[in-house]
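Reader: I have a structure open and I want to learn to read it. Where do I begin?

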Amino acid sequence: MSRYSLGVFGSLRATFTRELLILWRNPGDIVNPLMFFVIAVSLFPLGGDSDPAYLSGIAAGVVWVTALLAVMLSMESLFRGDYEDGSLEQLLLSPQPLYFHLLAKVAGHWLLSGLPLVLLSPLLALMLALPQDAYAPLMIGLLLGTPTLTLIGAIGMALTVGLGRGGLLLAVLVLPLSIPVLVFGAGMVQTALAGLPYTGLVALLGALLVLALSLAPLAIGAALRISIN
Amino acid sequence: MLSVNALHCERDERVLFSDLSFTIKLGEVWQLQGANGSGKTTLLRILCGLNHDYEGDILWQGEPVRRQVEEFRAGVFYLGHSPAINKTLTPLQNLRWFCAVSGFADDAAIMAALAEQGLRGYEEVPCRHLSAGQQRRVSLARLALSPASLWILDEPFTALDRFGVAALERQVAAKARAGGAVLLTTHHQLRLDCELQRIDLDAPRETRA
């Protein structure tokens, strides 16, 4: 008999790779938010003052706000397809622990939507004349902040997936929750620019991520059960 | 195996069914009948645990479902209106994931199930290139893979050709003979070589005190 038991970990890996495969086969879902990120940021020097001193002052805020919006833009594809084709029902009905499956799914999504934002950020920082000392806090901040934003966005997405196109509603629901991440993330870059130690803010962003990792999957699961009802 | 006691469901201030009681035993095939909008799909979704807007008791192996959610989910397979097939993935990838969330991996069985559905050679073709009937067959291939003892099938014959219909009828009868149970809705005249129990949602039910 070739059938063998996968255990929880093997089963989670299947959900994770499935998420990667689906995104890989729908490159628009990855590329659109990235393009938005790059283009929106690059419009600031064109539309505003192109003086490097001015740009480096607003750089942290611009990159962070645009990253936040790009993450929200990418959330649309997280549950929409699975909701429409019925895979979500199968996941909710499976005897496997939903908490970890949702975590695996969000992790797969972040790897192809959030991580590229982090990797692209130095390029945009260069465009906005951000001093090089601030690259590290910007990237560390985004590395810790985008998973949190993805998890928060997933809660909003899970709540609105049954309502058709709930884009605006998603923003209204989720943006207030993401403000702490934005404040600490952008604040970290400013602190570094002022020559002060920013490790405390790294710890705060890390704490927010741990909080989101432990609580968000519960909220996402509950929201999905409501949406599918 | 699955008992339903005095089930009552209202939707949009309209009573869909009230005081509905039945018991599905191993080896039985049940057909749920009713006109469009009579609540067939709602009842099936309540039974498999997707819908919670009901009053009454649902018992699995004699115990309330709420107390043994995992055992219940492992024992029930639900096939809804939507195929649960991702169109960008291939049949093989779709079924692998289905097996994984059911807790096992078995590529040989997946290939056999696809071949049985007449999809040999289509294992690696993205599902969006398959016809509606073929996508339905990919979805139905899960029946052969599922370890569940109770199948809950909502309109499983949709989009199938007559060979597919006959094959599915044989599969349902075989499941009952092998000691499983099947509850299904269909508007198609079933030709099963086994006994068929019926629940009619249109028929006025006697209300018991």
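Author: Begin with strand pairing. Two strands pair if DSSP finds at least two bridges between them. Helices (H or I, at least four residues) and strands (E, at least two) are DSSP runs, numbered from the N terminus. This is a predicted model: local features need pLDDT of at least 70, side-chain atom pairs count only at pLDDT 80 or more, and totals for chains, interfaces and linings use all residues. Residues are numbered from 1 along each chain as its sequence is written, while chains are lettered from A and ligands numbered from 1 in the order in which they are written.

Reader: Which residue in strand 7 of chain B is the bridge partner of A:Ser5?

Author: B:Phe104. Strand 1 of chain A and strand 7 (residues 104–105) of chain B pair over 2 bridges, in the antiparallel sense.

Reader: How many residues of chain A are in contact with chain B?

Author: Contact means that C-beta atoms, placed from the backbone, lie within 7 Å. Here 27 residues of chain A are in contact with 31 residues of chain B. On chain A, strand 1 (4–5), helix 1 (7–25), helix 3 (52–85) and helix 4 (87–93) each supply at least two residues of that side. Helix 1 gives the most, with 7 residues.

Reader: What is the radius of gyration of chain B?

Author: The radius is taken over C-alpha atoms; the globule rule is 2.2 Å times the number of residues to the power 0.38. Chain B has 17 Å, which agrees with a compact globule, because 209 residues would give a value near 17 Å. The C-alpha trace of chain B spans about 60 × 35 × 35 Å along its principal axes. Chain B has 6 helices and 10 strands.

Technical notes. Two residues are in contact if their C-beta atoms, placed from the backbone, lie within 7 Å.
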